[in-house]
Amino acid sequence: MSERLATALATLNLTLRGAPAELKFRLDDPLDLLGSLEPIGTYDDLLPHAETVFIGGHPTRVIGLDDLIRIKRSIGRPKDRESLLHLEAIKRLREQEGLR
């Protein structure tokens, strides 16, 4: 699966954020986008709270809402603070509906 994802992403002519435009890089399998997320930690630290969503009919593990809220609070950029309002509203709706 990650080899197909890397192949698909390669068609987008992606660049490294903040790097010189002429710097080339190659996406390959295994695909590691982030080594860790502060203040949570590594992928293994995120996994116990991950949620499963279906994308194209396939179950896909994604970061849990509570962990995403913690990360957005920690980063604190203006766009993260704005996203935080939406994420907290989703959390309240889930709690009202008895969802996790």
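Here are a few friendly notes on the salt bridges, the surface patch and the cavity of this predicted model.

1. How to read the values. The model is predicted, with local features needing pLDDT of at least 70 and side-chain atom pairs counting only at pLDDT 80 or more, while totals for chains, interfaces and linings use all residues. Residues are numbered from 1 along each chain as its sequence is written, and side-chain values use heavy atoms, with hydrogens and water left out.

2. Salt bridges. Side chains of opposite charge can pair when their charged atoms come close. Counting a salt bridge as a side-chain nitrogen of Lys or Arg within 4 Å of a carboxyl oxygen of Asp or Glu, the model has five salt bridges.

3. A link between two helices. One of these pairs is K91 with D66, whose closest N and O atoms are 2.9 Å apart. K91 belongs to helix α4 (residues 78–96) and D66 to helix α3 (residues 65–75), so the pair ties together parts that are 25 residues apart in sequence. Helices here are DSSP runs of H or I with at least four residues, numbered from the N terminus. K91 is partly exposed at 29% relative accessibility, and D66 is partly exposed at 44%. (Buried means under 20% relative accessible area, exposed over 50%, and partly exposed in between, with a 1.4 Å probe and protein chains only.)

4. D80 pairs with R77 at 2.5 Å, N to O. D80 counts as buried because its relative accessibility is 0%, whereas R77, at 35%, counts as partly exposed. Salt bridges that share partners join K72, R77 and D80 into one network. In the bridge between K72 and D80, the closest N and O atoms are 2.9 Å apart, and both of these residues are buried.

5. A nonpolar surface patch. L12, L14, L16, L23 and F25 together make a nonpolar patch of about 430 Å². Such a patch joins nonpolar side chains (Val, Leu, Ile, Met, Phe, Trp, Tyr) within 5 Å, from residues with over 30% relative accessible area and no salt bridge. Its member L14 sits in the loop between α1 (2–10) and α2 (43–46) and is partly exposed, with a relative accessible area of 40%.

6. The cavity. Which residues line the largest cavity? They are T15, L16, A19, P20, A21 and L23. A cavity is a set of points on a 1 Å grid over the protein atoms alone where a 1.4 Å probe fits but cannot get out, and lining residues have an atom within 4 Å of a point. The lining has five nonpolar, one polar and no charged residues.

Terms used: On a 1 Å grid over the protein atoms alone, a cavity is a set of points where a 1.4 Å probe fits but cannot get out, and a pocket is an open set with protein on both sides within 12 Å along at least five of seven lines; lining residues have an atom within 4 Å of a point. Ala, Val, Leu, Ile, Met, Phe, Trp, Tyr, Cys and Pro count as nonpolar, Asp, Glu, Lys and Arg as charged, and the others, Gly among them, as polar. Patches are made of residues with over 30% relative accessible area and no salt bridge: like charges are joined within 9 Å, nonpolar side chains (Val, Leu, Ile, Met, Phe, Trp, Tyr) within 5 Å. Accessible areas come from the Shrake-Rupley method with a 1.4 Å probe; for residues, only the protein chains shown count as cover.
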